[in-house]
Amino acid sequence: VKNLEAVETLGSTSIICSDKTGTLTQNRMTVAHLWFDNQIHSADTSEDQTSQSFDQNSETWTALLKIVTLCNRAEFRAGQENVPILKRVVVGDASETALLKFSEVITGNVMGIRDQNRKVTEIPFNSTNKFQLSIHETDDPNDKRFLLVMKGAPERILDRCSTIMIGGKEQALDGEMKEAFQTAYMELGGLGERVLGFCHLYLPEDEFPESYAFDTDAMNFPTSKLCFVGLLSMIDPPRSTVPDAVTKCRSAGIKVIMVTGDHPITAKAIAKSVGIISAGSETTDDIAKRLNIPVEQVNKRDAKAAVVNGGELKDLSQEDLDEILIHHSEIVFARTSPQQKLIIVEGCQRQNAVVAVTGDGVNDSPALKKADIGIAMGIAGSDAAKNAADMILLDDNFASIVIGVEEGRLIFDNIKKSIGYTLTKNIAELCPFLIYIIASIPLPIGTITILFIDLGTDIIPSVAFAYEKAERDIMNRKPRRKNIDRLVNQQLALYAYLQIGIMQSVGAFLNYFTVMAQQGFLLYTLLGLRVRWEDVHEQEVEDSYGQEWTFYQRQFLEWTAYTAFFVSIVVEQMADLIMRRTRRNSVFQQGFFRNKVILFGLASQVIIAVFLSYCPGMPYALKFAPLRVQYWFVSAPYALLILFYDEMRKLFIRRYPGSWWDKNMYY
């Protein structure tokens, strides 16, 4: 966490826009299926991947393997010759790592093949083009032609092709073959696999001689009318912790939106497997398929889920995007560019939502900056993304974000509890001075005594709330409303001051008047007595029974009253400390011994109060006098009343959610 405010913001998150690869999934790609010669083949996904079931004698397969091997920037880290292929460390992204290991298992010498087919130039993959291209010399000494190889998003690759290789022979890419391609693509994507398309072109020797200077900026070589060779799909298993985390988000009122560069079919399959699109939820396509009607005739609001293609998103107006975000609770954005991620974030913020966004690339930086809380990937993230983000996810795991949300809510809860606890005794400290002036009675509590409550008995308990565990329903509450639900709100102030604070004041005054009455000063005698009581020269002030009190005797009795008032507040604050441990659940559900620091706080209050009351020399040093034991228990019924009253408040809040009581008594 780069700044502490981010944790508080994360706690109030209402929408999470998450990447798919590496965040919702394990970022451990494995080649699962291939499509060439108009057939889908299963790859071996076992531990060693040595027994491939498809025919490796096909010329199409040979061409496909060559593209997979050459059109790849990933490399094995040096010095791993004795390490099993699948366990070797690779420098490169997850997709290229999977392709490198796949081709290494089959060929046994990827680096050697690359050396024999020297790379002349390349265009790395980018999110705009959605393809990667490289041009190579060939290993055939009799063939001086350059070989152009390309891989990328299947639909983008197919658009650049005019022929297709079937059985090692090129044939025209007609409507029938495009239909076959689409069927295979949908089938593989529907399995939740990331599908890549591969094509090549041998460049004519007369146009591209050996000395030809290729220029990737000017693109002085063909990138269309290529030969489509095949598809290859990789499975990236969802993280096991994600479905539970998504369920937690849903119960916490947080909308999870998947934003991915994958094909809509793949994105939808993964979204279903992790619970972003829940079982039984339908998109407009699903409804159209079920009712056997065109998609245009489906009422979009009937669909709970929506899968939006980046191509469609480009043409949507702000109002159309807002409608999707408002009326669909389960949303997947597929084939999106990083720039579109920024548009999605802005759309969410227009709904007055607190938006958390994950990102790893340089291009994600604007969206990470724009979001209320940007979360960069610690493992796969670029330095630019990490600099733009508010938080860095060390394990790249979506479930860690949800733990962060819970932690943010807990911190907010605990600060609120601590503030409520601290505010309550202010009324009990203020009332004595008001009554002292209005009713003209001897002062019930001194300023030094108040300081010992604020800076003595209340310090450790206030800090103890930082160690309080989360209430059981913390992730079943709706997110806090932006700019409305504040730390100190009207409900908290009224409850602390006018309800619990008044009870504490009454309990403390009862102890004060009890001490005074037992020494001879009944209530009617105290009224209007202040001026004579404080007169240093008045040595014959009579109590209710006619006894005369000197100034020194009156002063010692006043210090005793101070101590009694102080002890009453301490006892009632102990009850306040216990009840503040929960805001909604019963304190008995929280477990009395779960927070050991609270127990230490309770003990510290008693120890400090006993020390101040009975330490020799205190009356003259700090104006505390020894108390009779019974005065410690005078306000105990009020402490029990405070506990009972708060338990009733919580019970009615739980029983009648959304009622007047809930709105006005839940702080």
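The model is predicted, so local features need pLDDT of at least 70 and side-chain atom pairs count only at pLDDT 80 or more, while totals for chains, interfaces and linings use all residues. Residues are numbered from 1 along each chain as its sequence is written, and side-chain values use heavy atoms, with hydrogens and water left out.

Glu-205, Asp-206, Glu-207 and Glu-210 form a negative surface patch. Patch residues have over 30% relative accessible area and no salt bridge, and like charges are joined within 9 Å. A salt bridge here is a side-chain nitrogen of Lys or Arg within 4 Å of a carboxyl oxygen of Asp or Glu. One of the four, Glu-207, sits in the loop between strand E11 (194–203) and strand E12 (226–235). Glu-207 counts as exposed because its relative accessibility is 51%; exposed means over 50%, buried under 20%, and partly exposed in between, with a 1.4 Å probe and protein chains only.

Arg-335 is in another setting: the loop between strand E15 (330–334) and helix H12 (338–350). Because its relative accessibility is 11%, Arg-335 counts as buried. Its side chain makes polar contacts with the side chains of Glu-155 (2.6 Å) and Tyr-185 (2.9 Å). A polar contact is a pair of N or O atoms within 3.5 Å; within protein, one must be able to donate a hydrogen and the other to accept it, and residues adjacent in sequence count only if both atoms are side-chain atoms.

Ala-564 belongs to helix H21 (residues 551–579). With a relative accessible area of 0%, Ala-564 is buried. Between Ala-564 and Leu-342 there are 222 residues in sequence and 63 Å in space, C-alpha to C-alpha. Helices (H or I, at least four residues) and strands (E, at least two) are DSSP runs, numbered from the N terminus.

Terms used: Patches are made of residues with over 30% relative accessible area and no salt bridge: like charges are joined within 9 Å, nonpolar side chains (Val, Leu, Ile, Met, Phe, Trp, Tyr) within 5 Å. Accessible areas come from the Shrake-Rupley method with a 1.4 Å probe; for residues, only the protein chains shown count as cover. Lys and Arg count as positive and Asp and Glu as negative; His and the chain ends are not counted. The place of a charge is taken as NZ of Lys, CZ of Arg, CG of Asp or CD of Glu.
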